[in-house]
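Dear colleague,

Here is the structure we spoke about, with the sequence. My notes on what was found follow below.

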Amino acid sequence: MYNKIKSIMYEAGQIMLSAKDISNTVSEKDGAANLVTKYDIKVQKFLQEKLLTLCPNAHFMGEEDTKKETILNGRTFIVDPIDGTANFVRHMDASAISVALLQDNEVIIGATYNPYRDQFFYAEKGKGSTCNQKPIHVSCASLSESIVSFGTSPYYKELHAKTFELGYKLISTGLDVRRSGSAVIDFCETAQGHLDLFFELKLSPWDYAASSLIITEAGGFISQMDGSALVFDRPCSVVAGSKKACKEFLCL
């Protein structure tokens with residue numbers, strides 16, 4: 001599946017790289033600041049068509065579906081066509097594609113592609129994680145040694161105060177904080193040890209499904225903020241990274 005999924009995601013990345021007049025194609029969904037462009041929709045349609053040729057009987061759940069399918073029995077693709085749409089609109093070159101394949105509600109393949117850096121992250125359950133076919137590993141940092149990233153979804157304003165309260169604790173406790181504007185990119189930076197911990201108080205499954213396997217197969221930890229397992233049929237909180245740093249973070 002590696003070469004087939006990589007080829008499909010590479011082609012999808014070319015759609016992003018060839019995008020023109022992006023700002024003229026922007027609309028809002030589900031409230032202000034939740035942006036979508038015609039390229040989000042175009043990339044998702046392309047991925048749906050191509051991925052379902054690999055697994056014709058699989059279900060498909062994508063961010064840009066007008067009606068979300070949450071059937072997780074059997075095989076299901078969970079896809080984010082462009083994670084970091086606001087970055088994409090502003091030509092910040094910090095957006096990525098995310099594809100997960102689940103079998104009976106368990107992620108068995110996770111793949112992400114950042115076309116701006118030509119970075120393809122891939123994990124199969126039990127086989128480790130790679131970036132451009134080179135093995136990657138999370139760090140072993142404690143919280144005091146950590147560079148931390150966190151997300152602040154603009155459409156969950158009720159969570160902003162709590163998010164920045166935790167961010168303040170972390171910048172006081174650890175080395176520094178970062179924000180890329182793309183959860184997928186931050187997860188992958190964490191999986192290869194460039195960052196040590198990532199958290200967000202509410203994310204949708206397409207934001208973390210693929211990355212959850214990439215993190216764990218890279219030797220890392222991932223869970224909800226209360227330590228329970230992730231769910232894939234609705235949004236939830238997420239903390240991921242070094243096992244030591246995550247354990248300390250969950251005790252804050």
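A residue is called buried if its relative accessible area is under 20%, exposed if over 50%, and partly exposed in between (1.4 Å probe, protein chains only). By that rule, 54% of the 252 residues of the chain are buried.

The model is a predicted one: local features need pLDDT of at least 70, side-chain atom pairs count only at pLDDT 80 or more, and totals for chains, interfaces and linings use all residues. Residues are numbered from 1 along each chain as its sequence is written, and side-chain values use heavy atoms, with hydrogens and water left out.

Overall form. The chain has 7 helices and 14 strands. These are DSSP runs numbered from the N terminus, helices being H or I of at least four residues and strands E of at least two.

The sheet. Five strands make an open sheet with mixed pairing, in the order E11-E10-E12-E14-E13. Strands count as paired if DSSP finds at least two bridges between them. At the edges are E11 (176-178) and E13 (221-223), each of which pairs on one side only. Within the sheet, E10 (residues 147-150) and E12 (residues 197-203) pair in the parallel sense over 3 bridges. Phe-150 stands opposite Phe-199 in E12. Helix H5 (residues 183-191) packs on the sheet and touches E10, E12, E13 and E14 (236-241), where contact means heavy atoms within 4.5 Å. The direction of H5 makes about 150° with that of E12; axes are lines fitted to C-alpha atoms, for helices over the stretch in contact, and angles run from 0 to 180 degrees between N-to-C directions.

Aromatic pairs. Rings of Phe, Tyr and Trp (its six-membered ring) pair if their centres lie within 6.5 Å; planes under 30 degrees apart count as stacked, over 60 as edge-to-face and the rest as tilted. The count is 10 aromatic pairs. One of them, Tyr-2 with Tyr-122, is edge-to-face at 4.9 Å centre to centre, with 80° between the planes. Tyr-2 lies in helix H1 (residues 2-17) and Tyr-122 in strand E7 (residues 119-124), 120 residues apart. Both are buried.

Phe-150 and Phe-164 have ring centres 5.7 Å apart and planes at 90°, so this pair is edge-to-face too. Phe-150 is buried at 6% relative accessible area, whereas Phe-164, at 46%, is partly exposed. Phe-150, Phe-164, Phe-199 and Phe-249 form one aromatic cluster.

Regards
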